[in-house]
Amino acid sequence: MTRPLPRFPAGFEWGVGASAYQTEGALDADGRGRSTWDVFCEHPGRIADGSTPATSAGFYDRYPEDIALVRDLGADVYRFSIAWPRILPTGSGEVNAKGLDFYDRVVDEMLAAGLKPAPTLYHWDTPLPIEEAGGWMNRDTALRFGEYAAVVAERLADRAAYWIPLNEPVVLSLLGYAIGGYAPGQELLFESLPTVHHQLLAHGLSVQAIRAAGGRSIGTANPHAPTWPGSDSPEDLAAAAFSADLTDWIWGDPILLGRYPEGYAEGMPGPVAEDLEVISTPLDFYGVNYYSPQRVAAPTGEPSLIQEHEIPAEMPFRAVEVDGPKTGLGGEINPDGLREILLTLTERYGESLPPLIVTENGTSQPGTEEPGPDGRIHDDGRIDYLDAHVRAVHQAIEEGADVRGYWVWSPTDNFEWTYGFTQRFGLVHIDYDTLVRTPKDSYSWYQQLIGAQRDQL
Ligand code: BGC
């Protein structure tokens, strides 16, 4: 039994979040086009267990079941993502009506279940023709993305409760274009910086398109974490500051302050000053994804590892590991990092910061993810992780952060990118042979938490 939670402010919303590529499967259904991830996954050896996203969690056919599970959880918000290649199979031009119809049904099902739909427009699944034309290295991609956003918003703006244009653009720039761990698998290192500017521009253009279509509550889902230096030496402090600019402030500052951290604007392509006006279009909320803090130190001339990803030796910082509890992906478990980053954002951005929402937080717990002899899944480690992070959010609120919601990643197990099915993040277990759903103990824990918070209102 965990300790009772403190009471959250009235109106605080509890949610869950997932993405299209990780859950839907049905990659050939109803006219969907190919994406960068389809191609990436086809390369032997890239997915840990050789699994494929062909069926994944089967959400495309089973979404009513998953929505009912989230309804029974008592949650307020269901975050999901829309696959760009389902709406525009070639990335631009002709709209695929069946693709739009699918998400229309999903949204209606959520509303009928009393849930607030929170679509993300892009969770890394780029239409292949867009990539072949240069992908995020090409400014046109931002313009095409703005058009795509308008198409979706015109259809769903009357019903979507929250909008997230791009999920974690930093991950795509760093893993997708700089070091090649994720699709499209490019290794451009600092030559990849145009992908930062173009994704930011896509963010701004889509915020404007969604708002023009009548969309409400438009935000972000950027991963943020404190960057702690390995020591107080000037070299480690400088490495930490460099790393924080690259992973946090190069994203937050343009969106919230309309400027880049020092030294970045000069290297960006296009009419940067004009673009920054678009990029900093005001938001209704600022979404933060948090899993682990970052610890970095001065480079040693050797590569280092963040989880499974190698940071090349030539980068001006290296990752540092500390002893202590780790997530299934090998990240440090440190809930206080969440409290700290929520307060850092509050302080750094002041009046420019809209209300915060924790748009992702969760963990995989290998070894505790399969049904035991009693048929139940005792994922106590996940409960401990979530419980501690929820408390950290409460603490941040007490200390002055305006946080309005907390969304668990993820309602069900799903395709964890290069980890395939080896890492399960769900509150609900999925048997990948039968697609049978079984709520884990963490599902009951979250259900009780939400119920108890409601009873206190
Ligand atoms: C991503 C998710 C992913 C999760 C766990 C987040 O950074 O948005 O797609 O499943 O981390 O690794």
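Predicted model: local features only at pLDDT ≥ 70, side-chain atom pairs only at ≥ 80, totals over all residues.
**Notes on the ligand site and a few backbone details**

1. On to the ligand's oxygen atoms. One sits 2.6 Å from an N or O atom in the Glu416 side chain. For the side chain of Gln22, the distance from a ligand oxygen to an N or O atom is 2.7 Å, and for the side chain of Trp409 it is 3.0 Å. As for cover, the ligand on its own has 310 Å² of accessible area, and the protein covers 91% of that.

2. Now the helix pair. Helix 13 (residues 380-398) packs with helix 14 (residues 441-455) at an angle of about 30 degrees, and their axes are 8 Å apart. With angles under 35 degrees counting as roughly parallel, helix 13 is therefore roughly parallel to helix 14. The two helices cross with a right-handed sense.

3. Worth a look in the backbone: the peptide bond between Ala183 and Pro184 is cis, with omega at about 10 degrees. Pro184 belongs to the loop that runs between helix 8 (169-178) and helix 9 (193-212).

4. One more loop residue to check is Ser56, found between helix 2 (36-42) and helix 3 (59-73). Ser56 is not a glycine, yet its phi is positive, at about 50 degrees.

Note on methods
Residues numbered from 1 in each chain as written. Heavy atoms only, no water. Polar contact = N/O pair within 3.5 Å; in protein donor to acceptor, adjacent residues only side chain to side chain. Areas by Shrake-Rupley, 256 points an atom, 1.4 Å probe, with all protein chains shown as cover. Axes fitted to C-alpha atoms, helices over the stretch in contact; angles between N-to-C directions. Helix = DSSP H or I, 4+ residues; strand = E, 2+ residues; numbered from the N terminus. Parallel < 35°, antiparallel > 145°, perpendicular 65-115°, else oblique. Left-handed = near helix turned anticlockwise from the far one by under 90°.
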